[in-house]
Amino acid sequence: MTQATAPIRDTAISALLFTGTAILWGSSAIVTGHQAVSGAPEVSVGYRMALVCLTMYLWCRATGQRLLVTRSDWVWIAAQGALFFALAFIAFYYATTLIPSGIAALVLSTSTLFAAFVGWVGFGQQITSRMIVGALFGVLGLAIISAKQLMSLGIENETLGGLALALLAAACTGAGTVVAMRNQKAGIPTAVLICWAAFVGTLLCFTLAFVRGASFQIVVTPAYIAGLAYLAIIASCVTFFMYFRLVQRTGPTSAAYTMALVPIVALMLSVLFEGLALDMVIAAGTAAVLAGNMIVLSGPSTRHKHETPLKETA
């Protein structure tokens, strides 16, 4: 590989990770809807993360990766597990029971702004104007798509509660993304990191479910088991691996922008499989989000100047 083609290759890989993450997470929306009504959100997320942990454990053993981490890293792994693998999912599941999923997804897309803010405050990461403009385009696009739905909502306790929970999910996702970058900079292999963070997320989810007195029973049907397997392995293991690799390559702010594309993917799938009419409102919102995507990806590397790529085991 020549020095001239290296940036092109890096951009192509980042774009592939970015697009793949958005597509896989976006395609999980329909499956998640069926899972959410089968039990308490803490329990559903807990079972999902338990399967994620088991899958990544088996992957680490099969590839010869050591699961040992230092004591100093454990605090940060626990923080990532609590924020990204437990609280963000639980809050978003609850939000969708109170407000339409489109509005919840719109609020979740602000995770990129939370990632930029947390990275700036906690780790001194630079916020570029290109990141801000791209993120705002994404939020604008989703606002256009959800405008009619948002106008139809009344200012009621359920609506305000749902918006607050979706905002909490966005904050936890953004903060968890920044912590993930810190963990990868510490040299923790992605698979090992996901395994332990999902383990922490599982414990927290089940602890919260126990404290709330929630039932751990679920409606076990072939459809539920298939959905759980898809969400845990494809929409979690594979997608988390891609997402945190993207964090490693582009930084937390640009990576978190994938959250702005997830609702767009879900809408496109609704057009194809659920008969949703693609009108000018949806088309205009999609154009705004894609424009924001191009602004973010066409900019220079978002790594900090003194930040070096990580060396990971396979």
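Is Tyr47 buried, partly exposed or exposed? Select Tyr47: with a relative accessibility of 26%, this residue counts as partly exposed, where buried means under 20% relative accessible area, exposed over 50%, and partly exposed in between (1.4 Å probe, protein chains only).

Two notes before going on. The model is predicted, so local features need pLDDT of at least 70 and side-chain atom pairs count only at pLDDT 80 or more, while totals for chains, interfaces and linings use all residues. Residues are numbered from 1 along each chain as its sequence is written, and side-chain values use heavy atoms, with hydrogens and water left out.

**Aromatic pairs**

The structure holds 12 aromatic pairs; rings of Phe, Tyr and Trp (its six-membered ring) pair if their centres lie within 6.5 Å, and planes under 30 degrees apart count as stacked, over 60 as edge-to-face and the rest as tilted. Tyr47 sits in helix 3 (residues 41-63) and Phe206 in helix 9 (residues 190-212), 159 residues apart. Helices here are DSSP runs (H or I, at least four residues), numbered from the N terminus. Phe206 is partly exposed, at 22% relative accessible area.

Next select Phe85 and Phe240, an edge-to-face pair with 4.7 Å between centres and 70° between planes. Phe85 belongs to helix 4 (residues 71-96) and Phe240 to helix 10 (residues 222-250), so the pair ties together parts 155 residues apart in sequence. Both Phe85 and Phe240 are buried.

**Nonpolar cores**

A nonpolar core is a set of buried Ala, Val, Leu, Ile, Met, Phe, Trp, Tyr and Cys residues joined through side-chain atoms within 4.5 Å. The largest has 49 residues, of which Val52, Phe85, Phe240 and Phe244 touch the most other members. Helices that each supply at least two residues of this core include helix 1 (6-27), helix 7 (129-152) and helix 12 (258-273). Centre on Val52: beyond its neighbours within four places in sequence, Val52 is in contact (heavy atoms within 4.5 Å) with Ile194, Ala198, Ala232, Ser236, Cys237 and Phe240. Another core, of 11 residues, lies apart from the largest one and has Phe92, Ile103, Val107 and Ala170 among its members.

**Helix 8**

Select Asn183, in helix 8 (residues 157-185). Asn183 counts as buried, at 0% relative accessibility. A polar atom of the Asn183 side chain lies 3.4 Å from the backbone oxygen of Trp76. Leaving aside neighbours within four places in sequence, Asn183 is in contact with Trp76, Ile77, Gln80, Ile188 and Leu193.

Move to Leu165, also placed in helix 8. Leu165 is partly exposed, at 25% relative accessible area. With neighbours within four places in sequence left aside, its contacts are Ala91, Tyr94, Ala95 and Leu98.

**Helix 6**

Finish on helix 6 (residues 111-123), whose 13 residues reach 17 Å from first C-alpha to last, close to the 18 Å expected at 1.5 Å a residue; the expected span is 1.5 Å times one less than the number of residues. Ser111, Thr112, Ala115, Ala116 and Gly119 are buried in helix 6. These residues cover an arc of only 145° around the axis, which puts them on the same side of helix 6; the arc is that of the directions from the helix axis to the C-beta atoms. The face turned away from the buried side carries exposed Trp120, Val121 and Gly122. Just after helix 6, Gly124 takes a positive phi of about 65°.

Terms used
A polar contact is a pair of N or O atoms within 3.5 Å; within protein, one must be able to donate a hydrogen and the other to accept it, and residues adjacent in sequence count only if both atoms are side-chain atoms.
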